[in-house]
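Here is a short report on a protein chain, written for someone who is just starting out. Have a look at the sequence and the 3D view, then read on.

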Amino acid sequence: MRFQRNLWLTIFLAPALLLMLVFTVWPALNALSFSLYSWTSFNREGFVGLENFRKLLSFPFREAFLRAFSHNLSAFVGLMVIQNGVGLLLAYALWRQLPLFRFFRVTVFLPVILSLVVVGFLWLLFLDPLVGPITKMANALGVASFAPLGDPKYALLTLILVNAWRWVGFPTLVFLAGLNSIPEEYYEAARLDGATEGQVFRQVMLPLLAPAFTIVVILTFIGAMEWFELPYVMAGVSGNPGGATDTLGLMFYRLAFGAASEATSNVGVASAISVVLFVIVGAGSALGSLYLRRREVEG
């Protein structure tokens with residue numbers, strides 16, 4: 001009986017494990033092997049060990065690498081505050097079943113089903129410095145020259161806001177599911193003890209939403225570290241203006257496949273970036289998940 005159960009488990013798990021092996025483990029091992037060799041264009045040459053990692057942390061790659069990594073971290077912090085903060089408030093509003101809550105429960109998730117490429121091009125049109133509707137609104141409010149994507153001070157923040165607009169529906173649904181899973185008796189007991197609505201939110205809801213926070217934080221971290229599509233569409237492969245929106249994903253792409261700002265490709269250093277990114281995402285997700293799950297137990 002136990003053998004038959006294990007056999008069925010193996011049969012059902014095999015397709016997923018095979019896909020993970022082919023599309024995750026094998027590419028990761030290939031990237032690691034590529035990073036240990038020198039390359040001329042796409043031709044692999046001699047074994048160089050960790051030389052590509054040393055180059056990555058030396059001139060001329062070190063400054064660009066650290067800048068791109070800081071932009072990934074900024075995206076993570078910004079999305080945690082803006083995207084997930086707004087998502088939590090929207091989930092609370094939907095849970096309270098405010099007027100038209102059924103309509104907003106659907107519409108808040110609509111941007112999530114749109115392609116990131118489509119979203120990027122739409123917002124490029126909205127923010128066009130000449131004919132964009134948002135630009136015209138800013139001009140009507142007295143802002144003479146409104147071009148946030150062309151200003152190094154605001155370009156990254158603009159991308160973060162666009163990304164938050166596109167993804168805010170996902171944390172909203174996760175938090176809403178968490179709120180619906182909390183027994184109503186907890187709220188009633190807190191109100192009988194004289195707790196205000198704000199105290200119920202802070203002292204009952206938030207602690208019991210810990211599992212939802214774990215999911216949202218880990219997925220936001222992974223998405224921020226692997227951020228590529230939206231910066232590529234809206235700011236180009238060089239992270240314009242002047243590298244203000246550069247990310248590790250864009251830097252990898254430029255070095256691996258070349259760009260107008262790069263004289264030649266460097267597959268070895270690009271592979272080193274992919275390995276470093278894989279380690280950051282894997283270690284950060286594992287440690288973050290472990291810490292947040294412990295907090296769930298303590299709560």
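A salt bridge is a side-chain nitrogen of Lys or Arg within 4 Å of a carboxyl oxygen of Asp or Glu. With that in hand, here's a set to look up: Arg 96, Glu 184, Arg 191 and Glu 197 are linked in a network of salt bridges.

A word on the ground rules. This is a predicted model, where local features need pLDDT of at least 70 and side-chain atom pairs count only at pLDDT 80 or more, while totals for chains, interfaces and linings use all residues. Residues are numbered from 1 along each chain as its sequence is written, and side-chain values use heavy atoms, with hydrogens and water left out.

**The whole chain**

The chain has 14 helices and two strands. Both kinds of element are DSSP runs numbered from the N terminus: helices are H or I with at least four residues, strands are E with at least two. The C-alpha trace spans about 75 × 75 × 30 Å along its principal axes. Of the 299 residues, 37% count as buried. Buried means under 20% relative accessible area, exposed means over 50%, and partly exposed is in between (1.4 Å probe, protein chains only).

**Salt bridges**

How many salt bridges does the structure hold? There are five.

| Residue | Partner | N to O distance |
|---|---|---|
| Glu 51 | Arg 54 | 2.6 Å |
| Glu 184 | Arg 191 | 4.0 Å |
| Arg 191 | Glu 197 | 3.4 Å |

Glu 51 and Arg 54 both sit in helix H2 (residues 51-56), three residues apart, which is about one turn of the helix. Glu 51 is partly exposed, at 28% relative accessible area, and Arg 54 is partly exposed too, at 46%.

Arg 191 counts as partly exposed because its relative accessible area is 34%. Glu 184 is partly exposed at 39%, and so is Glu 197 at 29%.

**A nonpolar patch**

Leu 18, Leu 19, Met 20, Leu 21, Val 22, Phe 23, Val 25, Trp 26 and Leu 29 make a nonpolar surface patch of about 930 Å². To join such a patch, residues need over 30% relative accessible area and no salt bridge, and nonpolar side chains (Val, Leu, Ile, Met, Phe, Trp, Tyr) are joined within 5 Å. The areas come from the Shrake-Rupley method with a 1.4 Å probe. Take Val 22, which lies in helix H1 (residues 2-34): Val 22 is partly exposed, because its relative accessible area is 40%.

**Two helices side by side**

Now find helix H8 (residues 169-181) and helix H11 (residues 210-225), which pack at an angle of about 160° with their axes 9 Å apart. That makes H8 roughly antiparallel to H11, a label for angles over 145 degrees. Axes here are lines fitted to C-alpha atoms, for helices over the stretch in contact, and angles run from 0 to 180 degrees between N-to-C directions.

**One more residue**

Is Gln 203 buried or exposed? Gln 203 counts as exposed, at 56% relative accessibility, and is found in helix H10 (residues 197-208). Gln 203 and Glu 229 are 26 residues apart in sequence and 38 Å apart in space, C-alpha to C-alpha.

How values were computed:
Patches are made of residues with over 30% relative accessible area and no salt bridge: like charges are joined within 9 Å, nonpolar side chains (Val, Leu, Ile, Met, Phe, Trp, Tyr) within 5 Å. Angles under 35 degrees count as roughly parallel, over 145 as roughly antiparallel, 65 to 115 as roughly perpendicular and the rest as oblique.
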